[in-house]
Structures are given as structure tokens and as C-alpha cells.
Amino acid sequence: MKPIVSSIHFSPIKSLSFQSINTAIIKKDVGFDEDRIFAFSRAIDSSLANTIEKDPSERELIHFLTLKNTPALNKYDFKFENGMISISKDNLEISKISIEDKDAISKEISKLEPNLPGPIFLLKNELFPFYDTTNSSSVSNTISLINLNSIKDFNQKINKEIEFQRFRGNIYIKDINAFEERNWINKTIKINEAEFKVLKHIPRCSATNLKVNSDQVDINLPNELKKVYGHMDMGIYLYP
């Protein structure tokens, strides 16, 4: 079978959003245009926030608000369009704020969830986006690709429906055998006219335990992957 692209997505804010798109601009050596170019800092002062905004080598996951350390934010939907960040909950828009007013956006997050550890700063870097892999010595900027049939196989084996959105992939493919993508490591693949080096498998963390648009946990997903397959991976990292 020849795989085809089923859907494409990007997350403008690290970990906290998942936005569907019809087309994507691929930046060589970087990734999807506007993907994870923003992040919210977590409990660090303005000096360190300024440092990690500019220097990927200084970043650690604990420095950022993520669904792993802040599951309450999974209740909200963040979108970035036309220079504005909108925040919604239960399909109702709460606020829409210009990206030029970063302080206002940070204050809105603190207002929605007053128990979050502060201070909180909205960070932006388009050249070195806030990918989990950007500060790694072995992996750099990446795009994630996930096989829908791999998710389907997992669902059947655990007898539970796991939504594809939990994995926050950039590219979802179909019409290929489950986990066939695991054979592509260190190979080059082509999607339309764009070429990608397949770098490594994507290990999954506790953020995937959360139900979509909820702060409720309904599974230990990495543990279930480990029990079924002997690894905690779902998807592969691509380098454009």
C-alpha cells in the first residue's frame, strides 16, 4: 500500500494547542511554519525567560507550561490566526488578544487558572521553535508523523478508543500497515515535493493520558503501549 496524508496540523503554542490546517509551509531545517513558535514559561523570572526564549540549549521542559505539568490547560483551545491568539473552552470563545500584547495573554492565563505557578511569560521564537527536541544534542527541529493505522491497532489491542488528537501530530497518514513507519528510521521520505530525514521514534509521555479537551485522565497510555508493544512510541520525528 502507498501511504497518503490524511490530515495536517500545527500547535502554535507548545503543548497547549492542536490546530487543523489544509496546507502547510515547510521551512527547511526548521519545520512547519508557525508550529510551536510560542510557549508559556513556568515559574521562572524574566531574565531566565528571556534566555530560554532566545537560546534553545538553555531550555528544559520544566521551564514551560505543558500538559504534563499543567493538565488543567487541556480544557482550553488555543488558536493563532491573523496575529491574534484566541482562547476558547467548550467551543465558546473566552478572549482574543493581539500577539503584540504578550503581557495581556500571560495575564489571561493566570486569570483562567489562578493556581498556576508564576510568573508566566509568553515567549516567541520562529527560528528555533519550542519543540521538545530542539534542545537535544542528537535531534533538532522536527515535524511529527503518525500512522492512523498504528493508533487503530493499539485501540483494538486495548479495546479502547484513543483519539488521534492526543498525540498532537503534524502529519497523519493512512493506507499503510500498522507501525510500518518504524522501518523508516534513518531513511529519507518524500511528501509531495518536500523531503524529510526520518530521525527517531516518538516516545510518549503522560500528556497523552488526558481526554481531549479535558483535564481528566482515563488511561496510563505510555504504560499500555509498553505492555502491548514493548515500547512507549507512537509516531516518528522528521527533519525537513
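Leaving aside neighbours within four places in sequence, S88 is in contact with K75, Y76, D77, E93 and I94, where contact means heavy atoms within 4.5 Å. S88 lies in strand 7, strands being DSSP runs of E of at least two residues and helices DSSP runs of H or I of at least four, both numbered from the N terminus. S88 is buried, with a relative accessible area of 14%; buried denotes under 20% relative accessible area, exposed over 50%, and partly exposed the range in between, for a 1.4 Å probe and protein chains only. The model is predicted, so that local features need pLDDT of at least 70 and side-chain atom pairs count only at pLDDT 80 or more, whereas totals for chains, interfaces and linings use all residues. Residues are numbered from 1 along each chain as its sequence is written, and side-chain values use heavy atoms, with hydrogens and water left out.

Strand 7 comprises residues 84–89 and also contains M84. M84 is partly exposed, with a relative accessible area of 26%. Residues up to four places away in sequence not being counted, M84 touches K79, K96, I97, S98 and I99. The C-alpha atoms of M84 and Y172 are separated by 26 Å, the two residues being 88 apart along the chain.

In soluble globular proteins, nonpolar side chains tend to be buried together. A nonpolar core is here a set of buried Ala, Val, Leu, Ile, Met, Phe, Trp, Tyr and Cys residues joined through side-chain atoms within 4.5 Å. The largest such core has 22 residues, and those with the most contacts inside it are F38, F40, L73, F78, I85 and I109. Two or more residues are given to this core by each of strand 5 (38–40), strand 6 (76–81), strand 7 and helix 2 (102–112). Strand 6 gives the most, with 3 residues. I85 touches, among others beyond four places in sequence, I13, F38, F80, I97, I105 and L122. A second, separate core has 14 residues, including F10, L145, F196 and V198.

Helix 3 spans residues 148–158, and its buried residues are S150, I151, D153, F154, N155 and I158. These buried residues pack against strand 10 (143–147), strand 11 (171–174), helix 4 (221–229) and strand 14 (233–239). The N-terminal end of helix 3 is capped by N147, a side-chain oxygen of which lies 2.9 Å from the backbone nitrogen of N149. Just after helix 3, N159 adopts a positive phi of about 55°.

How values were computed:
A polar contact is a pair of N or O atoms within 3.5 Å; within protein, one must be able to donate a hydrogen and the other to accept it, and residues adjacent in sequence count only if both atoms are side-chain atoms.
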